[in-house]
Amino acid sequence: SNISQLLTPLALAVWIMDDGGVHPSGLIISTYNFNANDLVFLQKALINNFDLVTSVFNKKEGLVLYFPKNQLSKLSNIVKIFMEPSMYYKLNGY
């Protein structure tokens, strides 16, 4: 319930390094254990905290959070300073 307080740039960077993945048109974070309502709550926190617009889509494994390519530059500016350089590829070139 307090994800907005916990979702710092560092926390987002760690999450991407752990559960993030390159998508042909953006980046996804595997959120398979989240339900749809949890993801809506998370999306609101991303908008409020970072002005990041995301969407959710269903893979066979479950729901994933999707950052479209037009959000990756902004996302990169927020998290890259906290990321291990070997993980930059997850930002899909940004």
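1. A residue counts as buried when its relative accessible area is under 20%, as exposed when it is over 50%, and as partly exposed in between. Trp15, at 16%, is therefore buried. The model is a predicted one, and the points below should be read as comments on that model.

2. Aromatic pairs. A pair of aromatic rings is described by the distance of the centres and the angle of the planes. The count comes to two such pairs here. In one of them, the ring centres of Trp15 and Phe34 are 5.9 Å apart and the planes stand at 25 degrees, so this pair is stacked. Trp15 is buried, whereas Phe34 is partly exposed, with a relative accessible area of 30%.

3. The other geometry. The rings of Phe57 and Tyr66 have centres 5.6 Å apart and planes at 65 degrees, so they form an edge-to-face pair. Phe57 is partly exposed at 28% relative accessibility, and Tyr66 is buried at 12%. Apart from ring-ring pairs, there is a charge over a ring: Lys80 lies over the face of Tyr88, at 4.6 Å from the ring centre.

4. The two sides of helix 4. Where do the buried residues of helix 4 lie around its axis? The buried residues of this helix (residues 69–79) are Gln71, Leu72, Leu75, Ser76, Ile78 and Val79. They cover an arc of only 155 degrees around the axis, which puts them on the same side of helix 4. An α-helix has 3.6 residues a turn, so residues three or four places apart point the same way. Asn70 and Asn77 are exposed on the other side of helix 4. The cover over the buried residues includes helix 2, strand 2, helix 3 and strand 4 (62–68).

5. Ser76 belongs to helix 4 and is buried, with a relative accessible area of 7%. Leaving out residues up to four places away in sequence, Ser76 touches Leu91 and Tyr94.

6. In soluble globular proteins, nonpolar side chains tend to be buried together. In this model the largest nonpolar core has 22 residues, and those with the most contacts inside it are Leu12, Leu46, Phe67, Leu75 and Val79. Helix 2, strand 2, helix 3, strand 4 and helix 4 each supply at least two residues of this core. Among the residues named, Leu12 touches Leu7, Ile29, Leu46, Phe50, Leu52, Leu75 and Val79, not counting residues up to four places away in sequence.

7. Ile16. This residue lies in helix 2 and is buried, with a relative accessible area of 0%. Which residues does Ile16 contact, leaving aside neighbours within four places in sequence? The contacts of Ile16 are Leu27, Ile29, Leu75, Val79, Met83 and Lys90. For one of these, the separation can be given: Ile16 and Val79 are 63 residues apart in sequence and 8.8 Å apart in space, C-alpha to C-alpha.

8. Ile29. This residue is in strand 2 and is also buried, with a relative accessible area of 0%. Leaving aside neighbours within four places in sequence, Ile29 is in contact with Leu12, Trp15, Ile16, Asp19, Gly20, Val64, Leu65 and Phe67. Trp15, also part of the stacked pair with Phe34, is thus one of the contacts of Ile29. By contrast, the C-alpha atoms of Ile29 and Asp51 are separated by 17 Å, with the two residues 22 apart along the chain.

9. The salt bridge. Side chains of opposite charge can pair when their charged atoms come close. The count comes to one salt bridge. It is formed by the side chains of Lys74 and Asp51, at 3.3 Å from N to O. The pair links distant parts of the chain, 23 residues apart: Lys74 is in helix 4, and Asp51 is in the loop between helix 3 and strand 3 (55–59). Lys74 is partly exposed, with a relative accessible area of 30%. Asp51 is partly exposed too, with a relative accessible area of 47%.

Technical notes
Residues are numbered from 1 along each chain as its sequence is written. This is a predicted model: local features need pLDDT of at least 70, side-chain atom pairs count only at pLDDT 80 or more; totals for chains, interfaces and linings use all residues. Side-chain values use heavy atoms; hydrogens and water are left out. Rings of Phe, Tyr and Trp (its six-membered ring) pair if their centres lie within 6.5 Å; planes under 30 degrees apart count as stacked, over 60 as edge-to-face and the rest as tilted. Buried means under 20% relative accessible area, exposed over 50%, partly exposed in between (1.4 Å probe, protein chains only). A charge sits over a ring if NZ of Lys or CZ of Arg is within 6 Å of the ring centre and within 35 degrees of the ring normal. Helices (H or I, at least four residues) and strands (E, at least two) are DSSP runs, numbered from the N terminus. The arc is that of the directions from the helix axis to the C-beta atoms. Contact means heavy atoms within 4.5 Å. A nonpolar core is a set of buried Ala, Val, Leu, Ile, Met, Phe, Trp, Tyr and Cys residues joined through side-chain atoms within 4.5 Å. A salt bridge is a side-chain nitrogen of Lys or Arg within 4 Å of a carboxyl oxygen of Asp or Glu.
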